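Good morning, and thank you for joining. I would like to take you through one structure, chain by chain, and I ask that you keep it on screen as I speak.

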Amino acid sequence: MASTIRVRATANGETTEVQALIQHPMDSGFVKDAQGQLIPAHFIQRLTFEHNGKSVFVANWGPAVSKDPYIKFAFKGANKGDELKISWVDNKGASDSTTAKIQ
Amino acid sequence: MRARFAISLASAVLLLGAFAVIVRAAPGADAVDPAADAKAFRDYFVKRFPNVKLEDFVNGPYSMNEDMRRQWQEKEEFPPYEFALEAGKEMFSKPFKNGKTYADCFENGGIGIRQNYPYFDAKEGEVITLELALNRCREANGEAPLSYVKDDMASLTAYMAFTSRGKPFDIKIPNDPRALAAYENGKRYFYTRRGQLNFSCASCHVQSPGERLRAETLAPALGILNAMPIYRSEWAGMGTISRRFVTCNSQTRAVPEEPQSEDYRDLEYFLSYVSNGLPVAGPGARP
């Protein structure tokens, strides 16, 4: 299966701008399906961006984050060609990770 | 008493006869001329929005509102329909159980052909939309049909639209009374008021494009199908043309028809025809 993470990281002088899109249902646990049954909560709990083994962005998420979330942030200290590792873990223990080269 | 009754009955019959003549005369006086319709349709929008470039109408609300356009342009750097596009590409190339693929059902292997749909099939005598063609392709190859409104169907049409981006719509109405009747039916559907709110499609998308409907900006009818299928943030997912029609109907509190009903297909035929020459812009992203 294709990765659930899309990343684009561009070095812009001192800072590196990172954009990412993650495919995930992010069910809040409060929504019912067509049969009237509650859809159990299913959401990303921890999202991590690592550069050279050091976390540059960590998010502790809950059920209030939207489906297929989009993230944008910038950090200092990376160069073009460096690798950025992105990973997430959800409340059901599922996870995914990918790496992207900074452009 | 009986004589008077007979007279009034006779005059009623006469009156009915006269009425029938008028009704029959009407279509003759107002012959179906799709080319003139399309020109009038386009001229109306061009005149009403002189600052909007013709090919920009396919961008719907973004052609009407500068602030929305900027937000959209930023979003397009990382478009929300990307996952659907990738899923569609994968599905499109994956063979059916009998070894055939979608490409075998379409000319040019299904690549770059979105602008030719819907078309009028002379053999079947009906309008064939891309969604219908995809499901017929599945059924012909022994696969279960897909839901017309979202998910897999939207992913497939997203991929097919993507491979056709920029190509101008090229809908043909053959000189066949059945094709003209389908076009007329679609046009009638577009302009007929219905539902508890008594809106026609045209009430919003011809009379009021660019105006606000609650928090939304209404899209112009010209080029409205060129960006289909769309990712709507409101839906948190993709939707096909069928989904758009069904939702429009229920929002005006009318009873929606079944997806890909004859009326909906004729409507798509009409709307696509009057947008001829405008480029395919799908898949699109809408708020």
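What percentage of the 103 residues of chain A count as buried? The answer is 17%. Please bear in mind throughout that this is a predicted model.

Let me stay with chain A. Chain A contains zero helices and seven strands, so its elements, read from the N terminus, run β-β-β-β-β-β-β. Taken along the principal axes, the C-alpha atoms of chain A fill a box of roughly 55 × 25 × 20 Å. Among the contacts in chain A with a separation of 6 or more, 52% join residues 24 or more positions apart.

How are the strands arranged? Four strands of chain A form an open sheet in the order S4-S3-S6-S7, with antiparallel pairing. At the edges stand strand S4, residues 54-60, and strand S7, residues 95-101; each has a single partner strand, so one side of each is left without a neighbour in the sheet. On average, neighbouring strands of this sheet are turned by 15 degrees against each other, direction ignored.

Within that sheet, I would draw your attention to one pair. Strand S6 of chain A, residues 83-90, pairs with S7(A) in the antiparallel sense over seven bridges. Two of the bridge partners can be named: Glu83(A) is partnered by Lys101(A), and Leu84(A) by Ala100(A). As a general point, side chains in a regular strand alternate between the two faces of the sheet. S6(A) and S7(A) also form a hairpin with four residues between them. In the turn of this hairpin, Gly93(A) has a positive phi of about 85 degrees.

I turn now to chain B. Chain B has ten helices and seven strands. Of its 287 residues, 36% are buried. Residues 24 or more positions apart account for 74% of the contacts in chain B with a separation of 6 or more.

Chain B also has an open sheet, of three strands in the order S6-S5-S7, and its pairing is mixed. Strand S6, residues 237-239, and strand S7, residues 284-286, are the edge strands of this sheet in chain B, and each pairs on one side only. From one strand to the next, the twist averages 35 degrees. Strand S5 of chain B, residues 230-232, pairs with S6(B) in the antiparallel sense over three bridges, and Tyr231(B) has Met238(B) as its bridge partner in S6(B).

Next, the helices. At what angle do helix H4 and helix H6 of chain B pack? Helix H4, residues 82-93, and helix H6, residues 151-162, pack at an angle of about 90 degrees, with their axes 7 Å apart. H4(B) and H6(B) are therefore roughly perpendicular to each other. By class, the contact between H4(B) and H6(B) has ten nonpolar, two polar and two charged residues. Among the residues that meet there are Ala84(B), Leu85(B) and Gly88(B) from H4(B), and Ala158(B), Tyr159(B) and Phe162(B) from H6(B).

In soluble globular proteins, nonpolar side chains tend to be buried together. Here, the largest nonpolar core has 58 residues, and those with the most contacts inside it are Ala84(B), Leu134(B), Ala158(B), Phe270(B) and Leu271(B). Elements of chain B that give two or more residues to this core include H4, H6, S5 and H10. Beyond its neighbours within four places in sequence, Ala158(B) is in contact with residues including Ala84(B), Leu85(B), Pro229(B), Met238(B) and Pro283(B).

Tyr264(B) lies in helix H10, residues 262-274, of chain B. Why does Tyr264(B) count as buried? Tyr264(B) counts as buried because it has 26 C-beta neighbours inside 10 Å, and the cut-off is 20 or more. Leaving out residues up to four places away in sequence, Tyr264(B) touches Ser242(B), Phe245(B), Glu257(B) and Pro259(B). Its C-alpha atom is separated by 7.4 Å from that of Gly186(B), 78 residues apart along the chain.

Finally, the contact between the chains. Nine residues from chain A and six residues from chain B take part. On the chain B side, these residues divide into four nonpolar, no polar and two charged.

Definitions and conventions: Residues numbered from 1 in each chain as written. Chains lettered and ligands numbered in written order. Predicted model: local features only at pLDDT ≥ 70, side-chain atom pairs only at ≥ 80, totals over all residues. Contact = placed C-beta atoms within 7 Å. Nonpolar A, V, L, I, M, F, W, Y, C, P; charged D, E, K, R; others polar. Buried ≥ 20, exposed ≤ 12 C-beta atoms within 10 Å, placed from the backbone. Pairing = 2+ DSSP bridges. Axes fitted to C-alpha atoms, helices over the stretch in contact; angles between N-to-C directions. Parallel < 35°, antiparallel > 145°, perpendicular 65-115°, else oblique. Core = buried A, V, L, I, M, F, W, Y, C linked by C-beta atoms within 7 Å.
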